[in-house]
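Reader: Can you walk me through this model? Keep it quick, please.
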Amino acid sequence: MKIGIDAIAMDTPDFYVDLVKLAQVRGDDPDKYTIGIGQDEQAVPPSSQDIVTMGANAATKLLTPAIRASLGMVLVGTESGVDASKSSALFIHDLLALPEWVRAVELKEACYGGTAALMMARDYIAAHPDKTVLVIAADIARYGLATAGEVTQGAGAVAMLIKAEPHIMTIEDDSVYRSESIDDFWRPVYQDTAIAQGKYSTEQYLAFFQAIWSRYQTQRHHTASDFAAMTFHLPYTKMGKKALKLVLPDTDEATGERLQRRFEASTRYCRRVGNIYTGSLYLGLLSLLDNDTSLKAGDRIGLFSYGSGAVAEFFSGILQPDFAAQLHAANHAKMLADRQELTVPEYEAVFSDKVPYDPEDYRSDPTYYHGQFVLTGVIGQERQYQQR
Ligand code: HMG
């Protein structure tokens, strides 16, 4: 039985900051941001947006009455959870008025959480072929103003329906994964900004990729030439480019040219949105599918997922006969084009206006509301969501 992605949608806030302008204010060479790091714009999430609202905003586009009726699980991969106990899947379940006879669970392992959810969904469908799983990968990447990580922030969500006989792409049973406890990036529960050992994290990303890619080739008997494209977890686009560079020396010229061209297509959304942690790999997949019209049914796509801490996985998917008909490239182009640019001081003000950790009541600023679902505030320590 084929199992895989039947539908996919994204959400990202309506606000962004231009990274050339940010570089100028920070006293950096803009080329460092746009070429050295490979990022042009960065999504700025207002306090009315969290992973629940962005996840719901993405998922609502996928839900038909038939899909609702077949739902077996709602899985949210995230490392920006809104509660240490209650799963964000339950908040989303409520906002989307999903059926009660489902499992609603949140999964965490840094940026790998989205892939963990996808693989759990895949295995569940193998046992329950008549069901659908809603997988959401949503995050807000925050490092802090004027930090080394600032240029690699971002915000957004990707929602996917995982089903038998999927319309877009199968998820092949060829995963190779690896886990090792390392301290390259983490976020203590008492703060909303991450701590990164920047250089070490990039080295570990590459070391995990190299080890897994080597094992994948030996165990699964596939080489780079079997792939129409390879997509990577993109904390920033240069990171994926460095990983792809490890593959290229062993490829023939045509394969190398193809993988590089399609890699570029897979980075277009990330360049404008930034890191969305669990969702980044899947935003890259969506960017590839939306922006490369030369892909065809039967093409094999490679996917490399990396979550600091660290767990990583490489697997492949095969494009299905009518995959192109399921895509919404024009909508996504419009979503990005319609965003409002914030000046650097405006971005700094929005960044600093956040839900406090103390028990004070808090109301988010309606000037920056976005999408169908918003967080209006936190009253009596309870989060207040609203559908607009
Ligand atoms: P940095 O120290 O500011 O940057 O931090 P740099 O000095 O290393 O420069 C970056 C690149 O720009 C270099 O290129 C420079 O040469 C180049 P490279 O040598 O790497 O190819 N450069 C220029 N290029 C053109 N013109 C110029 C110029 N100047 C310099 N004028 C760093 C960069 C990414 C480390 C920082 O932003 C950071 O710490 N980010 C957060 C951590 C991160 O994203 N790590 C990625 C791997 S870990 C991961 O992917 C997991 C993660 O998503 C979290 C999770 O799993 O949950 C982060």
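Author: Let's start with the ligand. The model is predicted, and the shell around the ligand divides into 14 nonpolar, ten polar and seven charged residues.

Reader: How many residues surround the ligand, and which are the closest?

Author: There are 31 residues around the ligand. The closest are Asp31, Gly36, Ala110, Cys111 and Gly198.

Reader: Which elements each supply at least two residues of that shell?

Author: Two or more residues each come from H2, helix H7 (198-220), helix H8 (237-247) and strand E13 (300-307).

Reader: Where does the ligand lie relative to domain 1 and domain 2?

Author: Between them, because both domains give residues to the shell around the ligand.

Reader: What are the bounds of the domains?

Author: Domain 1 covers 3-169 + 328-387. Domain 2 covers 171-321. Their C-alpha centres lie 20 Å apart.

Reader: How many residues are in contact between domain 1 and domain 2?

Author: On the domain 1 side, 52 residues touch 45 residues of domain 2. Elements giving two or more residues to the domain 1 side include strand E1 (3-11), helix H2 (30-37), helix H6 (113-127) and helix H12 (329-337). The residues on that side split into 25 nonpolar, 19 polar and eight charged.

Reader: Switching to sheets. What is the strand order in the open sheet of six strands?

Author: The order is E5-E4-E6-E7-E1-E8, and the pairing is mixed. E5 and strand E8 (169-170) each have a single partner strand, so one side of each is left without a neighbour in the sheet.

Reader: How many bridges join E1 to E7?

Author: Eight, and the two strands run antiparallel.

Reader: Which strands do H5 and H6 lie across?

Author: H5 lies across strand E4 (71-77), E5 and E6, at about 125° to E4. H6 lies across E1, E4, E5, E6 and E7, at about 165° to E4.

Reader: And the open sheet of three strands, what is its order?

Author: E3-E2-E15, with mixed pairing. Strand E3 (41-43) and strand E15 (340-342) are the edge strands, each pairing on one side only. From one strand to the next, the twist averages 40°.

Reader: How do E2 and E3 run, parallel or antiparallel?

Author: Antiparallel, with three bridges between strand E2 (residues 15-18) and E3. Val17 stands opposite Gln42 in E3. Helix H1 (residues 19-26) packs on this sheet and touches E2 and E3. The direction of H1 makes about 55° with that of E2.

Reader: At what angle do H1 and H2 pack?

Author: About 135°, with the axes 7 Å apart. That angle makes H1 oblique to H2.

Reader: Which residues make the contact between H1 and H2?

Author: From H1, Leu19, Val20, Ala23 and Gln24. From H2, Pro30, Lys32, Tyr33 and Thr34. The contact divides into five nonpolar residues, two polar and one charged.

Reader: Which residue has a positive phi although it is not a glycine?

Author: Ala97, with phi of about 50°. Look for Ala97 in the loop between helix H5 (88-95) and strand E5 (103-107).

Key. Residues numbered from 1 in each chain as written. Predicted model: local features only at pLDDT ≥ 70, side-chain atom pairs only at ≥ 80, totals over all residues. Pairing = 2+ DSSP bridges. Helix = DSSP H or I, 4+ residues; strand = E, 2+ residues; numbered from the N terminus. Axes fitted to C-alpha atoms, helices over the stretch in contact; angles between N-to-C directions. Contact = placed C-beta atoms within 7 Å. Domains from an automatic or database assignment. Nonpolar A, V, L, I, M, F, W, Y, C, P; charged D, E, K, R; others polar. Parallel < 35°, antiparallel > 145°, perpendicular 65-115°, else oblique. Near = placed C-beta within 6 Å.
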